[in-house]
Amino acid sequence: MLEKMEEFDPEKVIEEFEAITRDAGKVQRETLKKILEENGSAEYLQSLGLNGRTDPESFKTCVPLVTHKELEPYIHRIADGDPSPILTGKPITTISLSSGTTQGKPKFVPFNDELMESTMQIYRTSFAFRNREFPIGNGKGLQFIYSSKQFQTKGGLAAGTATTNVYRNSQFKETMKAIQSQSCCPDEVIFGPDFHQSLYCHLLCGLIFRDEVQFVFSTFAHSILHAFRTFEQVWEELCTDIREGVLSNRVSAPSIRAAMSKLLKPNPELADLVYKKITGLSNWYRLIPELFPNAKYIYGIMTGSMEPYLRKLRHYAGELPLLSADYGSSEGWIGANVNPKLPPESATFAVLPNIGFFEFIPLKHNIEDQDQNQMDPSFFQIEHEPVDLTEVKIGEDYEIIVTNFAGLYRYKLGDVVKVMGFHNSTPELKFVCRRNLLLTINIDKNTEKDLQLAVEEASKLLGEEKLEVVDYSSHVDSSTDPGHYVIFWEISGEAGEEVLKECCNCLDRSFIDAGYVSSRKVNAIGALELRVVRRGTFQKILDHYLGLGSALSQFKTPRCVGPTNNLVLQILCGNVVESYFSTAF
Ligand code: AMP
């Protein structure tokens, strides 16, 4: 792997990337060999009869494709403190909480030094390419990063979200320093106990160091937007703090107050300048470059579920380029954005062939019709044998399977990607969607199962009136600001207004995904809306699909209707008889 960060040399990083992608097939075989050698003693691999073989053919014959469900018993034993080599040769000491909520609760996934190292490799690689096109000076980054608390599992392992595990690792700071990407905020703000207080201080630090800020960042674009929406609300208070050199009372955490008091000195000139800049804006257009005159770009994941935020982000950004960040998950990284000049809508990720062994399940569409709902579960129904990294074809869709150094073997990540081209011999992927994800606005991720559980829970209330939900669907309404979930229900009879209001609140509360709950609490996702549709509406939807050539036996109600599925959305919306907004938060 790469050398220590003090010796960071972007050209060398690029050359190393070119070298590993030149013969990606060979690097993949070597990587698999290394993974299997390092972890051959693990109980999981032992039980599959590999007997020390490390070639891809034996690997694929012996090791089954799995999802998180199959690995869960092993991971739970690790989390419960079993020190034997279960999934990896070296014991796992940290657990990441992935947002995956298939069972209605966050998933545990292993985190280890190798995963940390590949995270840093991805950061360095994309930075080297980014900095070649958009060089930044030796300043600071306004980084809206937050670290949730780590907790101990039953067996005493540290557990937290993957980003928390990364931010708390000493390598993170070293790497950020080496790639000129140090946060302008003290650690106490990043690790503060309260998200709102941290955000306020991120904004305040950004203003204090406004001339030094070289770029604006958050993991996901939504958080950047959320930060500047908050700025619109609190800017006058920020100016007062700067003018008087006293931190607002809204920040009560002693650790944050102590750290901020070292930075905050009375500075009426800066307060006046910010005031003048803001009052000179028209509808907040170009807010970011006005505040941070030396910023070169805005950086974060802007693909997939983040795309709806680009319009507003461009409004704040004016001419500042939006650069889309890399592609990975709590389970591990996949690819780096090595074409930073591409707009986020066309961003691709070049797979790093030395961080894992990657396979791809070709996905064929059921109906070759553009109108088909991208989120329809039947859309990617037909499965084929997985192919290797270098065997994928341009223009085709695949589900990714990951084998990595952190104990995942032939693990179905659940993401659908499209191959857009190749960098040397490694594919450049575009993120398409979660294979099973239905509802997502920003950091929230809810699957068909989550929706089902929520509907089951809420429909119990109807049972008291001897009514039932005949069928249901959902939709993310991004036309409101913030966006919100819409649930469509067809009910077997007339339900009273009070009970439907209760059902609506219950639906909202039943999405227990941490990303959803936290977004609802800060109103980054609006109140859930329950829309009751006329009897027979779902029959009309069935008729619509049959008209397109679907077989009745294969028909599945689209559980989520995406914006590309206009006709089904029209059927649903055209048949709404009443609607309710949740008051649960
Ligand atoms: P988590 O489960 O919270 O670790 O989220 C990981 C998931 O976020 C991935 O499996 C993707 O579905 C999504 N994701 C991560 N990076 C990107 C990206 N660059 N573009 C679109 N979606 C992404």
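## Helix 6 against helix 8

Helix 6 and helix 8 pass each other in a right-handed crossing. (A crossing is right-handed if the near helix is turned clockwise from the far one by less than a right angle, and left-handed if anticlockwise.) The model is predicted: local features need pLDDT of at least 70, side-chain atom pairs count only at pLDDT 80 or more, and totals for chains, interfaces and linings use all residues. Numbering starts from 1 along each chain as its sequence is written, and side-chain values use heavy atoms, without hydrogens or water. Helices (H or I, at least four residues) and strands (E, at least two) are DSSP runs numbered from the N terminus.

Helix 6 spans residues 113-133 and helix 8 spans residues 170-178; their axes come within 10 Å and cross at roughly 15 degrees. That angle makes the two helices roughly parallel. (Under 35 degrees counts as roughly parallel, over 145 as roughly antiparallel, 65 to 115 as roughly perpendicular, and the rest as oblique.) Axes are lines fitted to C-alpha atoms, for helices over the stretch in contact, and angles run from 0 to 180 degrees between N-to-C directions.

From helix 6, Met116, Glu117, Met120, Tyr123 and Arg124 meet Gln171, Phe172, Thr175 and Met176 of helix 8. Contact means heavy atoms within 4.5 Å. By class, this contact has five nonpolar, two polar and two charged residues. (Ala, Val, Leu, Ile, Met, Phe, Trp, Tyr, Cys and Pro count as nonpolar; Asp, Glu, Lys and Arg as charged; the others, Gly among them, as polar.)

## Helix 1 against helix 6

Helix 6 also packs with helix 1 (residues 10-22), at an angle of about 115 degrees and with the axes 9 Å apart. The pair is therefore roughly perpendicular. Here the crossing is left-handed.

Helix 1 brings Pro10, Glu11, Val13, Ile14, Phe17, Glu18 and Ile20 to the contact, while helix 6 brings Gln121, Arg124, Thr125, Ala128, Phe129 and Arg132. The classes are seven nonpolar, two polar and four charged residues. Arg124 of helix 6 takes part here and in the contact with helix 8.

In helix 12 (residues 254-261), Ile256, Ala259 and Met260 are buried. (Buried means under 20% relative accessible area, exposed over 50%, partly exposed in between, with a 1.4 Å probe and protein chains only.) Seen down the axis, these residues fall within an arc of 95 degrees, so they line one face of helix 12. The arc is that of the directions from the helix axis to the C-beta atoms. Their cover includes helix 9 (187-190) and helix 10 (195-208).

Helix 15 (residues 310-317) buries Leu310, Leu313, Tyr316 and Ala317. Their arc is 120 degrees, so they too line one face of their helix. They pack against helix 11 (221-244), helix 14 (287-291), strand 7 (297-301) and strand 8 (322-324). Glycine 318 follows helix 15, with a positive phi near 55 degrees.

Phenylalanine 357 sits in strand 12 (residues 356-364). Its relative accessibility is 2%, so it counts as buried. Beyond its neighbours within four places in sequence, phenylalanine 357 contacts Gln28, Leu32, Ile35, Pro56, Phe59, Lys60, Asp388, Ile401, Val402 and Thr403. Valine 402 is 45 residues away in sequence, yet 6.2 Å away in space, C-alpha to C-alpha.

Cysteine 573 lies in helix 20 (residues 566-574). At 37% relative accessibility, cysteine 573 counts as partly exposed. Valine 532 is 41 residues from cysteine 573 in sequence and 9.7 Å in space, C-alpha to C-alpha.
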